[in-house]
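Subject: Structure handover

Hello,

Here is the structure I said I would pass on. My notes on it follow below.

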Amino acid sequence: MESTIDQRDKKGTCSLRTNLFSVTTPPKTPPLTNQFQQNALWVVMNTNQLSKIMQKTFIILLTLLLSGIGLKSQDRSKTVFTFDPLPYAYDALEKAIDAQTMEIHYSRHHRAYYDNFMKAIAGTDLEYMSLGDIMAHISNYPAAVRNNAGGYFNHSLFWTVMSPDGGQPEGALLQALNESFGSLEAFKKQFEQAAATRFGSGWAWLSMDVGGKLFISSTPNQDNPLMDVVNEKGTPILALDVWEHAYYLRYQNKRASYISAFWDVVNWKEVARRYAEAMKHGQ
Ligand SMILES: [Fe+2]
């Protein structure tokens with residue numbers, strides 16, 4: 001910046017001018033005669049400059065504020081994964097499953113799957129996904145997510161498809177079972193076979209495929225038919241846990257006895273509701 005110093009009066013006072021603040025004195029303006037006038041001009045010049053800076057600052061702040069509001073409106077909401085209460089007392093299914101097994105199974109095993117699922121997805125995009133979407137892309141995620149998301153979902157479903165007074169299959173569900181398996185008894189036999197022959201720990205399923213047809217399958221560990229890693233994919237409407245923790249206290253190594261007793265506590269009303277829901281959504 002170039003600066004010049006003008007001698008303005010005999011007292012040796014001077015004004016500092018710069019090209020940046022260059023001011024052309026109007027011809028008719030009387031010369032500055034004292035320090036007060038010079039200072040006043042300096043203040044006016046800088047006030048104008050300050051005003052421009054404040055205007056720019058205000059525009060920048062307003063832009064940032066609006067951008068912030070825009071970003072905030074695009075914020076995603078975390079999915080709420082709940083650990084739901086058991087829909088009946090621990091001893092409600094005594095016809096098939098003892099109270100101690102139910103208590104340990106629900107309050108320790110299921111709870112551990114839920115807690116570990118929460119830990120596995122903490123701080124990740126999975127916190128914002130539905131359980132269905134997580135299952136559908138489960139091959140992309142670590143084993144901790146696969147095992148615990150599966151354990152959380154599978155047990156949540158399992159509790160609901162059992163009841164002390166679940167009735168019998170009827171209506172559209174019974175018709176679909178007859179059409180898919182020949183008869184209700186044939187369906188039960190095939191389901192029992194799938195549950196009994198699952199090696200090690202796992203689950204037996206009745207599900208609906210994308211064509212609306214019912215099918216029976218079994219999966220190892222905590223996999224389920226919603227996962228992209230299984231061969232037989234569909235929407236599960238009935239589940240049976242055949243892990244030893246589900247039956248060992250009463251049945252020890254007699255898994256077949258546990259499977260037979262299961263029919264006494266199947267909640268067919270809930271299975272029918274899930275069947276209707278799956279039909280409505282085209283799967
Ligand atoms: Fe279990």
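How many bridges join β3 to β4? The count is 7, and the two strands run antiparallel. Keep in mind throughout that this is a predicted model.

The sheet

β3 and β4 belong to an open sheet of 3 strands, in the order β4-β3-β5, with antiparallel pairing. Its edge strands are β4 (214-220) and β5, each of which pairs on one side only. Ignoring direction, neighbouring strands of the sheet are turned by 25 degrees against each other on average. Helix α6 (residues 184-196) lies across β3, β4 and β5, and runs at about 10 degrees to β4.

Gly202

Strand β3 covers residues 202-208, and Gly202 is found in it. Is Gly202 buried or exposed? Gly202 is buried, because 21 other C-beta atoms lie within 10 Å and the cut-off for buried is 20 or more. Leaving aside neighbours within four places in sequence, Gly202 is in contact with Ser218, Thr219, Pro220, Asn221 and Val242. Gly202 and Asp223 are 21 residues apart along the chain, and their C-alpha atoms are separated by 7.6 Å.

The nonpolar core

The largest nonpolar core has 49 residues, and those that touch the most other members are Ala204, Leu240 and Val271. Not counting residues up to four places away in sequence, Leu240 touches Ala195, Trp203, Ala204, Ile259 and Phe262. As general background, nonpolar side chains tend to be buried together in soluble globular proteins.

Helix α4 (residues 143-160) has 18 residues. From its first C-alpha to its last, α4 reaches 26 Å, close to the 26 Å expected at 1.5 Å a residue. The buried residues of α4 include Arg146, Asn148, Tyr152, Phe153, Leu157 and Trp159. Among the elements that cover the buried residues of α4 are α2 (99-121), α3 (131-136), β3 and β5 (235-241).

Helix α9 spans residues 268-280 and contains Arg273. Arg273 has 15 other C-beta atoms within 10 Å, so it counts as partly exposed; a buried residue would need 20 or more, and an exposed one 12 or fewer. Arg273 and Ile237 are 36 residues apart in sequence, yet 8.6 Å apart in space, C-alpha to C-alpha.

Regards

Note on methods: Residues numbered from 1 in each chain as written. Predicted model: local features only at pLDDT ≥ 70, side-chain atom pairs only at ≥ 80, totals over all residues. Helix = DSSP H or I, 4+ residues; strand = E, 2+ residues; numbered from the N terminus. Contact = placed C-beta atoms within 7 Å. Expected span 1.5 Å × (residues − 1). Core = buried A, V, L, I, M, F, W, Y, C linked by C-beta atoms within 7 Å. Pairing = 2+ DSSP bridges. Axes fitted to C-alpha atoms, helices over the stretch in contact; angles between N-to-C directions.
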